[in-house]
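My notebook is open, and I'm looking things up one at a time. Here is what I wrote down as I went.

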Amino acid sequence: MNPITVLSVPVFSTLCNEGFRLRREVFIVEQNVPADMEFDADDLNAFHFVAIVSGEVCGTLRVIHADDYVRIGRVVVSLPWRGKGVASAMIRHAMEAHKDVRGNRFYLTAQSDKTAMYERFGFQIHGDEFFEVGIPHYQMRNF
């Protein structure tokens with residue numbers, strides 16, 4: 001497989017818009033998340049990352065600096081690239097880029113079937129399973 005390149009991109013740049021397109025494709029079309037719940041005001045202030053393989057944006061996520069931790073969210077990988085290390089490369093890159101913010105404390109909500117991947121990065125489940133937009137999730141954090 002070709003190498004995975006992860007880049008931090010400005011909101012509404014061409015590459016970020018490709019990430020937004022991918023979020024629409026996966027969350028709204030594939031997983032039936034309402035559009036008004038997928039895109040929100042946090043997108044304007046978030047740090048956005050995209051994963052590129054062979055010139056194609058195949059993954060994206062956003063990072064938000066909350067009061068007490070750094071929140072990773074909207075992690076998505078296009079169907080043909082799932083299971084090939086794209087999400088892990090993005091998580092690794094985002095955590096490294098923001099490790100000096102909020103004392104290296106990271107938080108996210110993970111779809112329940114994805115928790116094992118986040119556990120490899122030191123995240124642990126906190127609390128009971130809950131449903132967000134009809135999809136089972138867990139809160140996870142590394143602190």
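Predicted model: local features only at pLDDT ≥ 70, side-chain atom pairs only at ≥ 80, totals over all residues.

**Entry 1: the hairpin.** I started with the hairpin of β6 and β7, where two residues sit between the strands.

Next I looked up how the two strands go together. Strand β6 covers residues 124-132 and strand β7 covers residues 135-141. They pair in the antiparallel sense, over six bridges. Which residue of β7 is the bridge partner of H126? I found that it is Q139. A reminder to myself about strands in general: when a strand is regular, its side chains alternate between the two faces of the sheet.

**Entry 2: helix α4.** I moved on to α4, which runs over residues 86-97.

Then I asked which residues of α4 are buried. My list reads V86, A87, S88, A89, M90, I91, A94 and M95. What covers them? The cover includes the strands β1 (5-9), β2 (47-53), β3 (56-65), β4 (70-77) and β5 (106-111), and also the helix α5 (115-119).

**Entry 3: a loop residue.** I picked D68 and checked where it belongs: the loop between β3 and β4. Leaving out residues up to four places away in sequence, D68 touches R102 and R105. I also took a distance from D68 to Y138, which is 70 residues away along the chain. Their C-alpha atoms are separated by 19 Å.

**Entry 4: stepping back.** How many helices and strands does the protein have? I get five helices and seven strands. From the N terminus on, their order is β-α-α-α-β-β-β-α-β-α-β-β. The radius of gyration is 14 Å, close to the 15 Å that the globule rule gives for 143 residues, so the protein is as compact as a globular protein of that length.

Some last numbers for the page. Along the principal axes, the C-alpha atoms fill a box of roughly 40 × 35 × 30 Å. Of the 143 residues, 42% count as buried. Among contacts with a separation of 6 or more, 57% come from residues 24 or more positions apart. The accessible surface comes to about 7600 Å², and 51% of that belongs to carbon and sulfur atoms.

Conventions:
Residues numbered from 1 in each chain as written. Heavy atoms only, no water. Pairing = 2+ DSSP bridges. Helix = DSSP H or I, 4+ residues; strand = E, 2+ residues; numbered from the N terminus. Expected span 1.5 Å × (residues − 1). Buried < 20%, exposed > 50% of the residue type's maximum accessible area, 1.4 Å probe, protein only. Contact = heavy atoms within 4.5 Å. Rg over C-alpha atoms; globule rule 2.2 N^0.38 Å. Areas by Shrake-Rupley, 256 points an atom, 1.4 Å probe, with all protein chains shown as cover.
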